[in-house]
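Subject: A structure for you to look through

Dear colleague,

I am passing on a structure that I would like you to open beside this email, and below it I set out what was found.

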Amino acid sequence: MTGVSDPDVMNVADAVSVSWRTVDGGERLTYVERETGTDTIWEYRSDIRASERVVSFDDRVSGRWGRIDWNADGTKVTYTRGGDVHVYDTETGAETTPAPSDAFDSEPRWAPSGDELAFISGRGDANDVWRVNADGTGLERVTEGANPHDDKRWEPSWSPDGDSIAYVAADEWHGRDWADEAHVVHLPSGKDEQLTTGLSVTSVPSWGPDGERVAFFTKRVAEPWYRHSEDIHVVDLRTGTRRVYPVEASHRYNVQQPLWAPDGGKLYYPVRERGTQQLEAILLHNDSDAEGVPTRLTVHDGVFGAGPVRLSPSGDTLGFVYAEQDEPSHIRRLSTAGGDPERLRAPDTPDGVVVPENVTYESFDGMYINAYVYKPDEVDETNPAPTLVQVHGGAHFQFGNGWHPMEQYLAARGFVVVGIDFRGSGGYGRSFQELSMGDWEGGEVKDAREAARFARDLPYTTDEVGIYGGSWGGFMTLQSISQYPDVWDAAVEWYGVVNQFTDYEAVDRVGRLLTERDLGGSPEQVEERYHGASSHWRLDEVTAPLAVLHGADDERVPINQAEELIDFFEGGPVPFEATIYESEGHGFRDAENRRDAVRRTADWFDRHLG
């Protein structure tokens with residue numbers, strides 16, 4: 001078994017998504033397990049209390065999330081592979097491609113009955129909803145100009161009778177394309193009905209069992225991106241009325257939908273609370289005074305996986321991917337009647353796992369910041385080690401009580417690692433998240449600075465402290481070493497922004513919305529905020545040795561950001577190294593690239609922190 005001291009810990013086998021399959025009248029929980037270079041669809045058999053393999057692939061299916069969908073009788077499964085929609089027939093073993101094209105197609109979903117698929121396709125001038133029969137006939141474009149080509153977040157959602165499809169489309173708000181609105185297109189007539197105006201819908205609408213109501217997560221347009229503290233809206237299509245439930249749900253990368261109980265009287269949804277994720281529910285009926293009051297179904301110490309929680313067709317069991325600090329992602333199920341979740345497949349846990357200590361430290365203004373300290377077993381007061389401060393990605397994401405293979409690897413290499421949830425992180429309430437609005441270079445960067453002070457005060461650390469992070473964490477790393485050069489002894493940044501102005505010119509829609517919403521407008525409107533949120537003009541202050549890792553095809557943080565760093569530092573007095581991975585986007589997907597990136601990170605800190 002792989003140990004955490006092996007860089008291949010970044011590629012341990014773990015579950016990435018779950019789904020339900022109906023076979024001969026029974027329900028089976030199926031899941032995609034990802035291992036180095038392969039994806040396998042498994043199904044859990046309650047009758048033999050074990051998992052059986054359905055089909056394996058020598059590459060990823062359905063991208064990062066591995067989401068699949070079964071047809072009504074459970075004989076066919078659909079997914080995306082290589083940018084095309086595929087269908088695998090479990091009875092014949094045949095794999096077909098109903099609607100091949102040169103465009104990128106994704107998120108295929110079966111109609112409630114029959115062999116018809118709806119999917120998202122970039123063929124034409126936008127990302128739109130299309131439909132096609134499984135045999136390749138009847139290809140039809142359903143929507144017109146729903147989303148730009150670089151916004152690939154959404155999926156189609158069939159109504160229970162198969163006559164309508166709900167979806168999310170980009171829209172304008174006060175002259176800006178900041179809105180993401182919920183729509184329903186009625187297939188017999190072609191009528192498109194817009195359900196919301198002036199909102200940022202963060203999940204595809206989920207149909208109630210009667211087909212007359214839809215539910216979705218949302219927030220106001222100008223609120224922070226990736227809020228993780230969202231409302232549930234329920235729209236009655238008959239009356240046009242909308243109920244709002246302020247439940248502070250966590251949409252999890254836009255892939256989680258509200259889950260309807262079969263009788264339509266209850267909704268399930270995930271929430272974030274400090275380091276954990278839990279499942280809650282609200283009643284929609286008025287048989288008691290408890291309508292709309294959140295109550296909690298789970299009480300556990302970990303987090304759900306990237307893929308969504310799924311409710312069985314009968315509505316009596318929830319299936320999900322789950323992870324804790326010492327356990328990689330694996331599948332569990334839980335009765336909706338309550339009780340303890342059942343672990344269906346033991347995770348492939350590497351040897352030498354370190355369980356981090358969850359602590360807090362006081363920051364510059366008296367606020368307390370949540371942190372996770374990974375201390376190698378051999379490190380103590382007589383054998384101190386240098387510290388690495390990890391600043392997480394996603395802006396309003398959080399570090400969390402999940403499985404963090406990179407931190408395990410770095411701890412195994414002998415470093416004390418401190419992962420921090422700086423102000424602006426999700427899971428600590430709306431007011432905490434809003435502290436970073438319009439102030440990207442201020443309080444949260446100081447929170448990282450104070451983490452270095454905290455680390456140096458630990459009895460088992462040396463004075464050498466490095467900082468690293470990816471995406472938003474890369475941006476935070478560059479801000480930290482350029483603002484507080486005396487604090488940091490070395491740094492590694494993965495695909496972070498150094499210049500908000502040049503990033504804005506090339507970034508995809510989602511990245512641009514994150515910037516515009518949090519900073520309050522475009523560079524022309526709030527130039528000073530963009531200037532403060534950039535570090536390119538401070539780079540001559542940097543003294544910490546810096547390594548940069550970036551994907552050549554990154555759309556969220558374009559490659560021009562790494563190129564600016566290379567142009568400035570290469571050949572200069574500050575030790576510098578840049579690694580550009582070809583054919584990689586935002587985040588490193590290739591298994592060898594992941595191994596190489598984490599190895600380079602550890603080697604850099606070894607070299608410069610002693």
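I begin with the lining of the second largest pocket, which by class has 21 nonpolar, 11 polar and 5 charged residues. In that count Ala, Val, Leu, Ile, Met, Phe, Trp, Tyr, Cys and Pro are nonpolar, Asp, Glu, Lys and Arg are charged, and the others, Gly among them, are polar.

Please keep in mind that this is a predicted model, in which local features need pLDDT of at least 70 and side-chain atom pairs count only at pLDDT 80 or more, while totals for chains, interfaces and linings use all residues. Residues are numbered from 1 along each chain as its sequence is written, and side-chain values use heavy atoms, with hydrogens and water left out.

**The pocket and the cavities**

Rolling a probe the size of a water molecule over the atoms shows where empty space is left. Here the search runs on a 1 Å grid over the protein atoms alone: a cavity is a set of points where a 1.4 Å probe fits but cannot get out, a pocket is an open set with protein on both sides within 12 Å along at least five of seven lines, and lining residues have an atom within 4 Å of a point. Grid points are joined across faces, edges and corners, and a volume is the space filled by probe spheres set on the points.

The second largest pocket holds about 1,200 Å³ of space, and among the 37 residues that line this pocket, Asp-69, Trp-158, Arg-310, Leu-311 and Pro-313 lie nearest its centre. At least two lining residues come from each of β1 (14-23), β5 (69-70), β9 (105-110), β13 (157-158), β18 (206-207), β22 (259-260) and β27 (310-311), with β1 giving the largest share, 4 residues. These labels follow DSSP runs numbered from the N terminus, where helices (H or I) have at least four residues and strands (E) at least two.

The lining of the largest cavity divides into 6 nonpolar, 2 polar and 5 charged residues.

**Aromatic rings**

A search of the whole structure finds 21 aromatic pairs, where rings of Phe, Tyr and Trp (its six-membered ring) pair if their centres lie within 6.5 Å, and planes under 30 degrees apart count as stacked, over 60 as edge-to-face and the rest as tilted. The ring centres of Trp-440 and Trp-472 are 4.5 Å apart and their planes stand at 80 degrees, so this pair is edge-to-face. Because Trp-440 lies in the loop between α2 (430-433) and α3 (443-457) and Trp-472 in helix α4 (residues 472-483), the pair ties together parts that are 32 residues apart in sequence. Both Trp-440 and Trp-472 are buried, a word that means under 20% relative accessible area, with exposed meaning over 50% and partly exposed in between (1.4 Å probe, protein chains only).

Phe-501 and Tyr-530 have ring centres 6.0 Å apart and planes at 45 degrees, so they form a tilted pair. This pair links distant parts of the chain, with Phe-501 in helix α5 (residues 500-506) and Tyr-530 in helix α7 (residues 527-532), 29 residues apart. Phe-501 is partly exposed, with a relative accessible area of 23%, whereas Tyr-530 is buried at 0%. Elsewhere, ring pairs link Trp-494, Tyr-495, Tyr-581 and Phe-588 into a cluster.

**Backbone angles**

Most residues other than glycine have a negative phi. Glu-248, in strand β21 (residues 242-249), has a positive phi near 60 degrees, and at 40% relative accessibility Glu-248 counts as partly exposed. Arg-274, in the loop between β23 (266-273) and β24 (276-283), has a positive phi near 50 degrees, and Arg-274 is partly exposed, with a relative accessible area of 40%.

With best wishes
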